[in-house]
Every structure is written in structure tokens, then in C-alpha cells.
Amino acid sequence: MNQDQSKIPQATAKRLPLYYRFLQNLHASGKQRVSSQELSEAVKVDSATIRRDFSYFGALGKKGYGYNVNYLLSFFRKTLDQDELTKVALIGVGNLGTAFLNYNFTKNNNTQIVIAFDINKRKVGMKIGGVPIYHLDQLESELPDDVPVAILTVPATAAQGITDRLVEKGIKGILNFTPARLNVPDKIRIHHIDLSVELQALAYFLKHYSNED
Ligand code: ATP
């Protein structure tokens, strides 16, 4: 991460990959500039927020011109460490874990699952999507030191124990797909994605806050 990163508010930082992907598409189609209005419609973030976000990047849009696509792209590339591969470990090669291994993430950004762990003997020793699967007993010996991120797709009951071992091994961030709330030291970053809660919330909003009501 470059030094300017520390000045960017977290909410803005979370929107960076969204902006980055859209600007890559614009660039690929040969566009040189983009207005905050166009961006707003594409990424569904209001244009005032976009203008504020972009001011943190030192990108000041000009009236009637908009933003320079190349400038923004090079900024995002630096800020998101797009030139540097972030290696990821996946724990739990069930339905969800298998889907992630097959999908992997290199098409959109430079993160890549390089190693997976499971306890099921039928899975250990296999490769899925080119990623080798080890037994969880081998976590300490096989997880390389240059893997800072882990994805957890194990049953909730196993999540905390595995998390403790990952933290002990020096992992920095965990993308937690289990419903378990994980306890970790402050310096470890957890992003929690509970797909069933998200779906329930979406269904609730559609029922109670639909525009058509
Ligand atoms: P999902 O669709 O959530 O991936 P699933 O129904 O395929 O799940 P789960 O029972 O949720 O299966 O288990 C997910 C994977 O985690 C399985 O491959 C299972 O072998 C593995 N697993 C279970 N317990 C552990 C553990 N303690 N450590 C590592 N992997 C585990």
C-alpha cells in the first residue's frame, strides 16, 4: 500500500475496487474522461459522494470535462497494489469453497487462491482449479509466510479454532463466510459475509421498502 492510503477514509477505500473495475472497462473501450454523473449511474453511488471520494485521490474533476480516466486508473493501480499479487488461502473445500477455487479471482484483481485445506481425506491431495488441497493438520507446515489472507468456508463450529491457528501462523485478514462471529486480536482484519443473512435482508427490503408499494 502506498503512504497516501492512510488519509483515505475506510468507507471511501471500500468503494475503490468498484471504481477501479468500472474505469478499467472505460479505459478498455477507449474513453479518456468520465463525469461524476456517468460514474454515479454506473456504480450506483451518488455523484456528491464520488466527488468527495475522488478529492481524496487528488483527482479534481473539471466542470464540463470530468475526470481523466488514465490519471484515476494509475492512482487506483498504485493504491490497490494491483501490480502486486496478494496470495490467499482457502479453508474448507465444500460446495462454496470449491466454487471459489474454480472461480479464483485473477480476472478482476490481483488476488489469487494459492493453497487450500480441508479435513476430508477424499479431498486432500487433489487439485481444484489448479490449487492444491492439504489436510488441515498440515496448516502450520504448509501455509507459506507470504499468504496474508484466508477465506473461511468451513462449518461454523470449526471456524474459531481454525481462526486461532491462522492468527498464530501470522495471517493478517480473514474473509469469513461462516455465520460464526470470530474473536481475533485488534490487528487482524475480519470481513464477514453471511450469504443467508444478506439474502434475508434483501428479501425483507423488497417486501417492506419496495418503490412500487
Ligand atoms: P458449503 O456449501 O458451506 O461449502 P458443504 O455442505 O459442502 O458446505 P460443510 O459441511 O459446510 O459442507 O463443510 C465445508 C467443507 O469444510 C467440507 O469440505 C468439509 O470437509 C470441510 N471441513 C469441515 N470441518 C472442517 C475443519 N475443521 N477444518 C477444515 N475443513 C473442514
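## A first look around the fold

V154 is buried, with a relative accessible area of 15%. Here, buried means under 20% relative accessible area, exposed means over 50%, and partly exposed is what falls in between, using a 1.4 Å probe and protein chains only. Bear in mind that this is a predicted model, where local features need pLDDT of at least 70, side-chain atom pairs count only at pLDDT 80 or more, and totals for chains, interfaces and linings use all residues. Residues are numbered from 1 along each chain as its sequence is written, and side-chain values use heavy atoms, with hydrogens and water left out.

**The chain as a whole**

The chain has 8 helices and 9 strands. These are DSSP runs numbered from the N terminus, with helices being H or I over at least four residues and strands being E over at least two. Out of 213 residues, 36% count as buried. Take the contacts (heavy atoms within 4.5 Å) between residues at least 6 apart in sequence: 55% of them join residues at least 24 apart.

V154 sits in the loop between strand 7 and helix 7. Setting aside neighbours within four places in sequence, V154 touches I91, G92, A159, I162 and T178. The C-alpha atoms of V154 and L96 are 9.1 Å apart, although 58 residues separate the two along the chain.

Strand 4 and helix 7 (156-169) are the elements that give two or more residues to the lining. Sorted by class, the lining has 9 nonpolar, 3 polar and 2 charged residues. In that sorting, Ala, Val, Leu, Ile, Met, Phe, Trp, Tyr, Cys and Pro are nonpolar, Asp, Glu, Lys and Arg are charged, and the others, Gly among them, are polar.

How is a pocket picked out?

**Two helices with a buried side**

Helix 5 (residues 95-103) has G97, F100 and L101 as its buried residues. They cover an arc of only 100° around the axis, so they sit on the same side of helix 5. That arc is taken from the directions from the helix axis to the C-beta atoms. On the other side of helix 5, N95 and N102 are exposed. Strand 3 (86-91), strand 4 (111-118), strand 5 (127-128), strand 6 (131-135) and strand 7 (149-152) are among the elements covering the buried residues.

In helix 3, the residues S47, T49, I50, D53 and F54 are buried. Their arc is only 150° around the axis, which puts them on the same side of helix 3. They pack against helix 1, helix 2 (36-43), strand 2 (67-68) and helix 4 (69-79).

**Ring pairs**

Rings of Phe, Tyr and Trp (its six-membered ring) pair if their centres lie within 6.5 Å; planes under 30 degrees apart are stacked, over 60 edge-to-face, and the rest tilted. By this rule there are 11 aromatic pairs. Two of them look like this:

| Pair | Centre to centre | Angle of planes | Type |
|---|---|---|---|
| Y19 and F54 | 5.0 Å | 85° | edge-to-face |
| F100 and F177 | 4.9 Å | 50° | tilted |

Y19 lies in helix 1 (residues 10-28) and F54 in helix 3 (residues 47-56), so their pair ties together parts 35 residues apart in sequence. Y19 is buried at 0% relative accessible area, and F54 is buried at 0% too. F100 belongs to helix 5 and F177 to the loop between strand 8 (173-176) and strand 9 (189-192), so this pair ties together parts 77 residues apart in sequence. F100 and F177 are both buried. Ring pairs also link Y19, Y20, F54, Y67, F75 and F76 into a cluster.

**Positive phi values**

Most residues other than glycine have a negative phi. K44 has a positive phi near 60°, and K44 is exposed at 71% relative accessibility. N104, which follows helix 5, has a positive phi near 40°, but N104 is buried at 9% relative accessible area.
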